Amino acid sequence: MATMRDIKGRIRSVTTTKKTTKAMNLVSSAKMARARGKLNAASPYFSLVRRAISDILKTDAKLIEHPAFEGFRTIKKTLVVVIANDRGLCGGYNANITKLAANLAVQLSDEGKEVAFITIGNKARDFMRRSGANIVKSYFGISESPSMEDAREIVEEIVEQYENGDYDEVYVCHTQFVSAISYIPTALRLLPMSAEDFKDEDDRKIDIMKFEPSTEEVLSYAIPKYLGTAMFECMITSAASGQGATMTAMDSATENAENIISDLTLMLNRVRQAAITQEISEIVGGANALS
Amino acid sequence: MAEKSKKFRLRIVTPAKTAVDKNVDMVIMQTVDGQIGVLSGHEPLTTVLGIGTLRYYDDEKIERVALLGGFTEIGQTEVVVLADIAEHPDEIDAERARRAEERARKRLKDKAEGLDYLRAELALRKSLVRQEIMAGPLTSEKK
């Protein structure tokens, strides 16, 4: 039987843990709010860039002779970008996203493609390395609060490699933000682009559209912008859902700590009661023996 | 503008925010090929923007926005400007822009080893646009 001292010690330690998880819960909920704010501020830009591309595609189907669109080469080498958190303590978040990436890799290599990975976030790197993936580059320190510049830099490098023929296909594994407690791990095919990707926009009619300096130049300006935007969107929704996952995990950790504390307090009271009872019976026994 | 012109919707959107969303009379902006003025009923046009000042006329007011790269889609009913960065005059730190100009000029003059010429030139142009917009309307802009 545990002594009162042991139990008191455990209660103290669990209380400290609870304070920590509570604080982490508050911090991540603030960070999530910030990421959501960024997401909301950027979403008009996202949808308008998509719409602009969609409009360009509507004007003239022949335009899709840009190399960023599909149908120009057979796909042999695939690059998968995996976005996860820098840190753990977020429930199954990192595991869910890397599992999706690993399944995608299996599927791709079954199709006879070579697969390489770029990881964003320490945990993405750790998990993917453990599953024996071929990681060509890792970024960290940007998952939590991604900026448009980060996204552009990453995409520029990827586009260059795509143009050089290092890769024929690029996927981005990220999570869509649904709510603080819910996210959907998703694999988005960034390259090659498909005209189908832009079909779901509203059915606006574009009769004639002029392009200056030329259609090619507008398209080769707009496509990298779109890719940077798409990457940024992936990173920012991942950041928001990653913080959401941390928040939920820390919330349930705090709740667990509370349960443990109440169990321990109950146990402490029992032990104290038992000790008192024993003391009384000893005194009574001693008194009886004397009389 | 003697007679009342028809207004159209102007939206200037960046990844960080929606900088402008209002009905205006006219927009003048800097494309890679030179300045372009847009009135209501302009033919649909998509064009790449340079680094420069965008001016829009709303009744008698002239508002100025610094645009640092982007493209614009002029549609039948609205003009959408998708900019990398859009700044109103009151958002610009004049001192910082001036220092940026000095830095860029110095780099271009020194021609240091491994100088990213394009990048320095770009920084210089951005700082100049930022300062130009602070200086207030040019006389040629008066109606």
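Two strands count as paired if DSSP finds at least two bridges between them. Helices (H or I, at least four residues) and strands (E, at least two) are DSSP runs, numbered from the N terminus. The structure is a predicted model, in which local features need pLDDT of at least 70, side-chain atom pairs count only at pLDDT 80 or more, and totals for chains, interfaces and linings use all residues. Residues are numbered from 1 along each chain as its sequence is written, while chains are lettered from A and ligands numbered from 1 in the order in which they are written.

**Sheet of chain A**

- An open sheet of chain A is formed by five strands in the order β3-β2-β1-β4-β5, with mixed pairing.
- Its edge strands, each pairing on one side only, are β3 (135-139) and β5 (182-191) of chain A.
- From one strand to the next, the twist averages 20 degrees; axes are lines fitted to C-alpha atoms, for helices over the stretch in contact, and angles run from 0 to 180 degrees between N-to-C directions.
- Strand β2 (residues 114-120) of chain A pairs with β3(A) in the parallel sense over four bridges, and Ile120(A) stands opposite Tyr139(A) in β3(A).
- Helix α3 (residues 122-130) of chain A packs on this sheet, where it touches β1 (77-83), β2 and β3 of chain A. The direction of helix α3 makes about 150 degrees with that of β2(A).

**Contact between the chains**

- Chain A contributes 23 residues to the contact and chain B contributes 19 residues; two residues are in contact if their C-beta atoms, placed from the backbone, lie within 7 Å.
- On the side of chain B that touches chain A, the elements giving two or more residues are β5 (45-58), β6 (61-74) and β7 (78-83) of chain B. The most comes from β5(B), with four residues.
- That side of chain B comprises 10 nonpolar, five polar and four charged residues. Ala, Val, Leu, Ile, Met, Phe, Trp, Tyr, Cys and Pro count as nonpolar, Asp, Glu, Lys and Arg as charged, and the others, Gly among them, as polar.
- Strand β6 (residues 210-212) of chain A is joined to β5(B) by three bridges, and the two run parallel. Phe211(A) stands opposite Thr46(B) in β5(B).

**Make-up of chain B**

- Chain B has two helices and eight strands, which run β-β-β-β-β-β-β-β-α-α from the N terminus on.
- Among contacts in chain B between residues at least 6 apart in sequence, 53% join residues at least 24 apart.
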